[in-house]
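Hi,

Here is the structure I promised to pass on to you.

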Amino acid sequence: MKTAFIAFCSPAGSTGHVARVIVDALEERSIITHLLDLGAGQDPSPFIALLKTAEADDCLFVGSPVYRDVAIPPVMKFLSELPVVNNCPAVPFVTWGGAISGIALWQMGKALQEKGFFLAGAAKVMAVHCMMWQSDHPVGQGHPDADDNRQVRSLVSTVIDRRLTATAKPMPLSALDYQPDSIAADFKAKMDQPWMIIPKAIDQARCTQCGTCETVCPVGAVTLDPDPVFNARCFDCFKCVRECPEDAIISSVPLEKIESNIRQRAETYKEKPFTQIFF
Ligand SMILES: Cc1cc2nc3c(=O)[nH]c(=O)nc-3n(C[C@H](O)[C@H](O)[C@H](O)COP(=O)(O)O)c2cc1C
Ligand code: SF4
Ligand code: SF4
């Protein structure tokens, strides 16, 4: 492998952490890396222009958190805008918060294949559930940890070694279709449904119009007018709610209710709360 492209979106930091572990592992093997943070307001065009020249010994890594069983809109939009390439390897990775990892990896793998990439590997990485930031014991607490990092590094090493020795066989998309049939169909149907948003209100007595919510939003979905106003780009990451210094953004579904739903989903689905690597 000569060059690696790493694109990710990470409102709460765990997917970004995994992206950096990937970059470190690649650079230790002297691979040239290009990094694109889809939530940092960066213009993706130079990255995409470089990617157009990608060859069979390059590799694209794409990372998303799992939100309500699927990959998040900024990542899927990025994948839909990729150029069609000729047989370049790709590695989708997700972080998930211990409720259920859904079909996000399959969804990303499918979008990559449709653009002419072949699947060289994949990872679902255990992470703290970012909607439980006020809980003493959030699901996934402490993750990604050292062992999660080690597994991600081993994924990168194996992908590189297989490219060097040309022993790589494309991974079938079906390897990422690991949820029981009974629930996978429901999750796949969600891909065509409008993105769900929990309405949020501004507590005007608390809001100081400091602009933090506008600054931290990964997709420019908040503007001050003079109080914060949300636009249709919002994909419900709750970063503005978490980072408001005055707790002035009020979720219409109480956070305690969201937490109990998450614990209930973990209990119902019983997906093993571990990181898993796919080849
Ligand atoms: C709106 C929303 C929905 C989520 N849905 C799920 C889910 O269905 N399953 C799950 O295990 N985690 C879910 N999570 C937790 C995230 O997948 C997890 O915390 C992830 O690591 C966040 O990535 P980030 O830190 O890179 O933003 C959800 C988080 C948010 C904000
Ligand atoms: S971060 Fe909070 S206090 Fe600051 S403008 Fe936004 S809602 Fe108001
Ligand atoms: S407005 Fe808030 S919840 Fe919506 S995408 Fe921006 S930071 Fe996330």
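**What I found**

Let's start with Thr 15, which touches Phe 8, Cys 9, Ser 10, Gly 63, Ser 64, Pro 65, Phe 93 and Thr 95, leaving aside residues up to four places away in sequence. You'll find Thr 15 in helix α1, residues 14-28. With a relative accessible area of 1%, Thr 15 is buried. One thing to keep in mind as you read on: this is a predicted model.

Next, have a look at Ile 6 in strand β1. Is Ile 6 buried or exposed? It is buried, with a relative accessible area of 0%. Not counting residues up to four places away in sequence, the residues Ile 6 touches include Ala 19, Ile 22, Val 23, Leu 26, Phe 47 and Phe 61. Gln 193 is 187 residues from Ile 6 along the chain, and 28 Å separate their C-alpha atoms.

Now for two helices. In α3 (residues 73-80), the buried residues are Pro 74, Val 75, Met 76, Phe 78 and Leu 79. Among the elements covering them are β1 (3-8), β2 (32-37), α2 (45-51), β3 (59-67), β4 and α4 (104-114).

Helix α6 covers residues 181-190, and its buried residues are Ile 183, Ala 184 and Phe 187. Looking down the axis of α6, you see these buried residues within an arc of 105 degrees, so they line one face of the helix. Asp 181, Ser 182 and Asp 186 are exposed on the other side of α6. The cover over the buried residues of α6 includes β4 (70-71) and α9 (255-269).

Zooming out, how is the protein chain divided into domains? The domain assignment gives domain 1 (3-185 + 271-278) and domain 2 (200-252). Thirteen is the number to remember for domain 1: it puts 13 residues into the contact, while domain 2 puts in nine. Taken over C-alpha atoms, the centres of domain 1 and domain 2 are 28 Å apart. About 940 Å² is buried between domain 1 and domain 2, and carbon and sulfur atoms give 65% of that area.

Then there are the ligands. Around ligand 2 you'll find Cys 207, Thr 208, Gln 209, Cys 210, Gly 211, Thr 212, Cys 213, Pro 228, Cys 244, Pro 245, Glu 246 and Ile 249. Sorted by class, that shell has seven nonpolar, four polar and one charged residues. Ligand 3 is surrounded by 14 residues, and the closest are Cys 217, Cys 234, Cys 237, Phe 238 and Cys 240. The shell around ligand 3 has eleven nonpolar, no polar and three charged residues.

Finally, some backbone details to look up. The peptide bond from His 143 to Pro 144 is cis, with omega near 0 degrees, and Pro 144 sits in the loop between β7 (122-126) and α5 (146-165). Asp 225 and Pro 226 are also joined by a cis peptide bond, with omega about -15 degrees. Pro 226 is in the loop between β9 (222-224) and β10 (228-230).

Arg 68 isn't a glycine, but its phi is positive, near 45 degrees. Arg 68 lies in the loop between β3 and β4 and is partly exposed, with a relative accessible area of 29%. Asp 236 has a positive phi too, near 75 degrees. Its place is the loop between β10 and α8 (239-243), and Asp 236 is buried, with a relative accessible area of 3%.

Cheers

Terms used: Residues are numbered from 1 along each chain as its sequence is written. Chains are lettered from A and ligands numbered from 1 in the order in which they are written. This is a predicted model: local features need pLDDT of at least 70, side-chain atom pairs count only at pLDDT 80 or more; totals for chains, interfaces and linings use all residues. Side-chain values use heavy atoms; hydrogens and water are left out. A residue is near a molecule or strand if one of its heavy atoms lies within 4 Å of it. Ala, Val, Leu, Ile, Met, Phe, Trp, Tyr, Cys and Pro count as nonpolar, Asp, Glu, Lys and Arg as charged, and the others, Gly among them, as polar. Buried means under 20% relative accessible area, exposed over 50%, partly exposed in between (1.4 Å probe, protein chains only). Helices (H or I, at least four residues) and strands (E, at least two) are DSSP runs, numbered from the N terminus. The arc is that of the directions from the helix axis to the C-beta atoms. Contact means heavy atoms within 4.5 Å. Domain bounds come from an automatic or database domain assignment. Buried area is the accessible area (1.4 Å probe) that two parts lose on being put together, summed over both.
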